[in-house]
Amino acid sequence: MNEEELNKAKKAIGEEYQFIHGDTAVAYGALLAGCRFFGGYPITPASEIAEKMAKLLPKVGGKYIQMEDELGSIASVIGSSWTGAKAMTATSGPGLSLMQENIGFAHMSETPLVLADVQRSGPSTGQPTLGAQGDIMQTRYGSHGDFAAITLSPNNIQETLNYTIRAFNLAEEYRTPVFLMLSADLGHMREKVRIPDEVETFERKRPKVPPEEYIPFGKGEYGKEKVPEFGVFGEGYHTYVTGLTHDEHGFPATDDQQDHDKLIRRQVEKILDDREELTDVEKRSLDDADIALVSYGITSRSALGALNKGREEGKKLGYLRLKTLWPFPIKEIEELSKNVDKIVVAELNLGQMYHKVKEHADKDCEIALADKIGGEIHSPDEILAEV
Amino acid sequence: MEKKEEKREVEMISAKEIRDKYLRHDMMPHIFCTGCGIGNVLDYTLWALEKEGLDMDKTVFLSGIGCSSRLPGYIDVDSLHTTHGRALAFATGVKITNPELNVIVFTGDGDCMGIGGNHFIHACRRNIDITVIAVNNYIYGMTGGQVAPTTPEGDYATTAPYGNLEPAFDMSEMAISSGATYVARWGVKRPNQPINSIQEALQNKGMSFVEMMSPCTTAYSRQNRMGSIEEFWDWYDNKTILAEDHERIKQYGSEEEKEELKDKIKVGVLHKEEKKSLSERIQELIEEVQV
Amino acid sequence: MIELNEEYCKGCNLCIVYCPRDALEPAEELNEKGIHPPVEVEDRCNGCRLCELICPDFAITVVEKDEEEE
């Protein structure tokens, strides 16, 4: 993004230091990252993201639209992204369920977009105003078929702002939907943030060849090899984009086993090949730890309380926070499980990441689950009870 | 759509030139059944594009799922072949993001009036500046002839083996009452009116809806015994009446003529009005509040 | 002069049915696709191009006679 655009965004956002909640931080981060389209539908506890975007986007020349439902929201975002905008939507569990159809389309058509999910309890309408971490698996396995997801999980408001920028950068770099996971507590919690002065942004790679030589779903020529360049609508590339299995040129190739295999493997590998590069964890007190607390998002703040309290009581606890949930940090968990006797996974569901940790941990390491549902976050004692 | 400032002189160009200019020949022959009218809808659209002189580098076609939704694949242009019923929502994102693009959506009766009904009425309500060309064949063709929201009451379909129990939607009436600013309906048998009408739809700065009644010679015809291809094509012609004639008979016709009207489908330009489009209003808002 | 792209023609015969001058008729022989494609009846076509437009398959082109001779 150029200097002028960034300054416009900063001007629209206002003061350098602000006391804001997570939903607002998403809107600010999006603006700073260069997001210029938001298609949304009201839903508690994510509505404030849409409200902020409705107010701010026109000020920076961006477009906001409230669609007729979540199916339409994500569809408008994909349409906008193909027209060249950095585009996003925001929702919560029930909306995320409705969006799965076109999330699948975004994977299949390799469309960059950001989806902020402010989680609430489910299934179904559940507890609209209360937080949860029940959508983690849905971002990874929600659509039918094979795909790889990038899912980020901040745990404070400044990080929410920064990670919204990161989400846009990853979406652009990998030509893929990126999920930014909040929860009602994080979305509605206020903290002081600083609006960054400098923002590093990534712009999707555009083709440099003339239209007749452009291959929209082939090999990347200037960036990552498995991420093809993106020919924006209206620039003469005449790209055909379909949710059907397609060949390198984008045309339906629905009968051939090899065409499908080649396409989907590349789409999955473009993300999983970079698993370690995408892995992002925060470690505390692990050097001498016997027991590690593994958590993410809002729950990691309770886990930090548990770490401090446990250490005071003389327990040799350590702390690992997953900031990137998908791709799963396999190597980090493998190493961790070799160095400790026990891992306690704390999360606001009845066990989602717990199973992933179990899958990749050393067989001699005991894995326990500190689960909690119902809309309250863990107290440190509830996590310590599983130690 | 961007209106031309002066009337463009259209030279009589040959069908071969049209096809070479717009079609992706490597995708041809198209997938449509023998005697199906969807190919004609494509042909008439190409002629309208040529007459209007749209820049194909600044034009985007979108579609959902179904027979008609395969059309953008045959045109050498940017296009999004999306999910079932959602093309209008994708198109909304395209048009709002770059209002300079000409946005055209191909859809069918199932795609538009069934699964996509909500997106359809809202796109009309917003009067977003796009052109929708809807192929109405009264049935789900691609999936093998299941009953559609447009299937006439009593007609047969694979999922209405005893005859359709449900009343049908009238797509064009729905478009008008939802707020579209140009609405026309034509059969595929007569080429010139639809060509002119699609051109008018492209010129309208707002939501334009052109319903093209097109015979499904495989799934619908077989189950409803419509006879040979030409008998079916003639049936469409006999079944329709020009909107002007309809109005005249309603006012001045004999009782006998009025009785006959009951079984007729109105064709023609059914609605036209001038109203600011959403894309235009968003641009105006930006100019007003931009920092 | 009526030119036919046999690869595109699916044999619906609409061009034959709707030609106002009866300038087309089905070929006697079946072609490779198993259809009787339209063939031109000599000296009937007046170049109205209706068959071109009514053909659902982009298979027919009407060309001017003298153009052809050149």
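This is a predicted model: local features need pLDDT of at least 70, side-chain atom pairs count only at pLDDT 80 or more; totals for chains, interfaces and linings use all residues.
A residue counts as buried if 20 or more other C-beta atoms lie within 10 Å of its own, as exposed if 12 or fewer do, and as partly exposed in between, with C-beta atoms placed from the backbone. Residues are numbered from 1 along each chain as its sequence is written, while chains are lettered from A and ligands numbered from 1 in the order in which they are written.

Start with α7(A), residues 157-174. Helices here are DSSP runs (H or I, at least four residues), numbered from the N terminus. α7(A) is mostly covered, with 16 of its 18 residues buried. From first C-alpha to last, α7(A) reaches 25 Å. That is close to the expected 26 Å, where the expected span is 1.5 Å times one less than the number of residues. R175(A) follows α7(A) and has a positive phi, near 50°.

Now look at the chains together. Two residues are in contact if their C-beta atoms, placed from the backbone, lie within 7 Å. Of the 2 pairs of chains that touch, chains A and B have the most contacts. Chain A and chain C do not touch, and their nearest C-alpha atoms are 19 Å apart. Between chains B and C, 19 residues of chain B are in contact with 15 residues of chain C. On the chain B side, α1 (15-22), α2 (38-52) and α9 (229-239) each give two or more residues.

Go back to chains A and B. Helix α4 of chain A (residues 70-82) packs against helix α3 of chain B (residues 87-97) at about 45°, with the axes 6 Å apart. Axes are lines fitted to C-alpha atoms, for helices over the stretch in contact, and angles run from 0 to 180 degrees between N-to-C directions. The angle makes α4(A) oblique to α3(B), because angles under 35 degrees count as roughly parallel, over 145 as roughly antiparallel, 65 to 115 as roughly perpendicular and the rest as oblique. Residues in this contact include G72(A), A75(A) and G79(A) of α4(A), and A89(B), G93(B) and T97(B) of α3(B).

α3(B) also packs against α5(B), residues 117-126. Here the angle is about 35° and the axes are 8 Å apart. L88(B), A89(B) and T92(B) of α3(B) meet H119(B), F120(B) and A123(B) of α5(B).
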